[in-house]
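Have the viewer open and follow along from heading to heading.

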Amino acid sequence: MRKILRLMFAPLFVVCICVAAATPREQFVQMLDLLQKTPRDDALREGIVRLAPQLKPAPAIPEEARRALVRGNTAQTEATSADDYGRAAKHYEDAAAMAPWWGAAYLSLAKVRELQLDYLSAQRNVKIYMLSAVSPEEARKAQDYLYALEDKQERADKSKNENDAKFGWASGRWRMTKTRLDKSGFALAKTDPLIARSNIEEDRVMLKFAAETMEHDFRTGGERVSPARLDDSFRVSYDRSGKVIFELFGARDQYTCPVAYDWNEIAFELGADRRTITATREDLYAPPNCKASGYSTVWVFEREL
C-alpha cells in the first residue's frame with residue numbers, strides 16, 4: 001500500500017519541486033502568460049507589478065507599448081469630446097496590456113479616467129501605479145492624488161443620490177407620440193406610439209426613440225453630454241438647483257431660414273404625477289420664403305407603470 005501511495009504522489013512532488021525552483025524571471029514569464037488569458041485578474045496584475053522591480057536587468061518596455069502611450073498622450077492633449085477621451089483610454093489600456101508592469105501606463109490611464117468622471121477606475125489604476133518602482137516623492141504625489149480622487153467620488157455619489165431622489169421618476173418604460181398642428185390647433189398628422197425603456201448609462205437615464213432621443217443627465221446640467229447629433233433628438237437635463245431643461249436638436253434647414261442647427265430649449269410641461277412630459281415647438285419658419293408658418297409640433301412622453 002505504501003508503495004502504491006509513493007507512486008501516486010511522486011508526480012505531484014516533482015511538480016511542486018519545479019515550481020519552487022522556478023527563478024523570479026521564470027515566474028514573471030509564467031504570470032505574464034497567465035494574465036493574457038485572464039486580463040481581469042487584478043491580483044495577478046498587481047503581482048506582476050510587484051515582481052518586475054526585483055528582476056535584474058529590469059524587463060524592457062516593448063516599443064509598441066511606448067507607441068501606444070504616446071498616442072494616448074496625443075489623444076488626451078487634443079481631446080475635445082468624450083470620444084477623444086475614450087480613444088486615449090484605449091491607447092493606455094493597450095500599453096498596459098503589452099507591458100503590464102509599466103507604472104506610467106496606469107498613471108496615464110488613471111488621469112484620463114478622471115476626465116471621464118470614472119473616479120473608481122482612476123483610483124484602481126493609481127493604486128496599481130503605486131506598486132511599481134516609484135520614488136518616495138512619486139509615491140507621495142500619487143497618494144495625494146488618490147485622496148483627491150476619493151473626494152471627487154464621494155461628492156459624485158452624494159450628487160447622484162440626491163438626483164436619484166429627485167428624478168427617479170425618469171426610469172421605467174416610456175411611450176412617445178408626435179403630432180403636427182396647424183394654426184387653429186387641428187392635428188394634421190400624428191405618429192403611432194413609439195415604445196422605449198430607459199437605460200441607466202453611468203449617471204444618465206436615457207430614452208431612445210428611433211431618431212428621437214431623450215437624455216436625462218444627472219450630473220451637471222448637460223454641459224458634458226455628447227449625444228448623437230440626430231435631427232429631432234431630445235435632451236432633458238437637470239442643473240444643481242433641480243431645474244429641468246428640455247432641449248431639442250434643431251433640424252438643418254436646406255434653405256436659408258434662421259433655424260439653429262444646435263440644441264434649442266423649448267417649452268414643455270411636466271405632469272403633476274411625473275408620468276407625462278409634453279413638449280411643444282413652434283415652427284417659426286417655413287421654407288422656401290422663411291415666413292412665419294403658424295404650425296407647431298407637440299411631443300408627448302408617457303411613462304408606463
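## Confidence along the chain

Contact here means heavy atoms within 4.5 Å. For the protein chain, the mean pLDDT is 77, with 68% of residues reaching 70 or more. Residues 7-20 also have a pLDDT below 50, and beyond near neighbours in sequence this stretch has 0 contacts in the model.

This is a predicted model, in which local features need pLDDT of at least 70 and side-chain atom pairs count only at pLDDT 80 or more, while totals for chains, interfaces and linings use all residues. Residues are numbered from 1 along each chain as its sequence is written, and side-chain values use heavy atoms, with hydrogens and water left out.

## The chain as a whole

The protein chain contains 8 helices and 12 strands. These are DSSP runs numbered from the N terminus, with helices being H or I runs of at least four residues and strands being E runs of at least two. Of the 305 residues, 38% count as buried. Buried means under 20% relative accessible area, exposed means over 50%, and partly exposed lies in between (1.4 Å probe, protein chains only).

The chain exposes about 18,200 Å², and carbon and sulfur atoms supply 54% of that area. Accessible areas come from the Shrake-Rupley method with a 1.4 Å probe; for residues, only the protein chains shown count as cover. Among contacts between residues at least 6 apart in sequence, 45% join residues at least 24 apart.

Which residues have the most contacts inside the largest nonpolar core? They are Phe 28, Ile 48, Trp 101, Trp 102, Val 112 and Val 126, in a core of 41 residues. At least two residues of this core come from each of helix H2 (24-37), helix H3 (42-51), H4, H5, H6, helix H7 (119-130) and helix H8 (136-167). A second, separate core has 11 residues, including Ala 170, Trp 174, Phe 246 and Trp 299. A nonpolar core is a set of buried Ala, Val, Leu, Ile, Met, Phe, Trp, Tyr and Cys residues joined through side-chain atoms within 4.5 Å. In soluble globular proteins, nonpolar side chains tend to be buried together.

Leaving aside neighbours within four places in sequence, Trp 101 is in contact with residues including Phe 28, Leu 32, Ile 48, Val 49 and Ser 132.

## Helix H3

In H3, the buried residues include Leu 44, Arg 45, Gly 47, Ile 48, Val 49 and Leu 51. The buried residues of this helix pack against H2, H5, H6 and H7. At the N-terminal end, Asp 41 caps H3, with a side-chain oxygen 3.2 Å from the backbone nitrogen of Ala 43.

## Salt bridges

The structure holds 10 salt bridges. Each is a side-chain nitrogen of Lys or Arg within 4 Å of a carboxyl oxygen of Asp or Glu. Side chains of opposite charge can pair when their charged atoms come close. One of the bridges joins Glu 64 and Arg 67 (3.6 Å, N to O). These two are 3 residues apart in helix H4 (residues 63-77), so about one helical turn separates them. Glu 64 is partly exposed at 43% relative accessibility, and Arg 67 is partly exposed at 45%.

In helix H5 (residues 82-98), Asp 84 and Arg 87 also lie 3 residues apart, about one turn of the helix. Their side chains meet in a salt bridge at 3.1 Å, N to O. Asp 84 is buried at 12%, whereas Arg 87 is partly exposed at 42%. Another bridge pairs Arg 113 with Glu 93, with the closest N and O atoms 2.5 Å apart. This pair links distant parts of the chain, as Arg 113 lies in helix H6 (residues 103-115) and Glu 93 in H5, 20 residues apart. Arg 113 counts as buried at 15%, and Glu 93 is partly exposed at 33%.

## Two residues in strands

Thr 179 lies in strand S1 (residues 173-181) and is buried, with a relative accessible area of 13%. Beyond neighbours within four places in sequence, Thr 179 is in contact with Ala 187, Ala 189, Lys 190, Ser 296, Thr 297 and Val 298.

Leu 248 belongs to strand S8 (residues 244-249) and is buried at 1% relative accessible area. The C-alpha atoms of Leu 248 and Asn 264 are separated by 5.3 Å, although the two are 16 residues apart along the chain.

Terms used:
pLDDT = per-residue confidence, 0-100. Polar contact = N/O pair within 3.5 Å; in protein donor to acceptor, adjacent residues only side chain to side chain.
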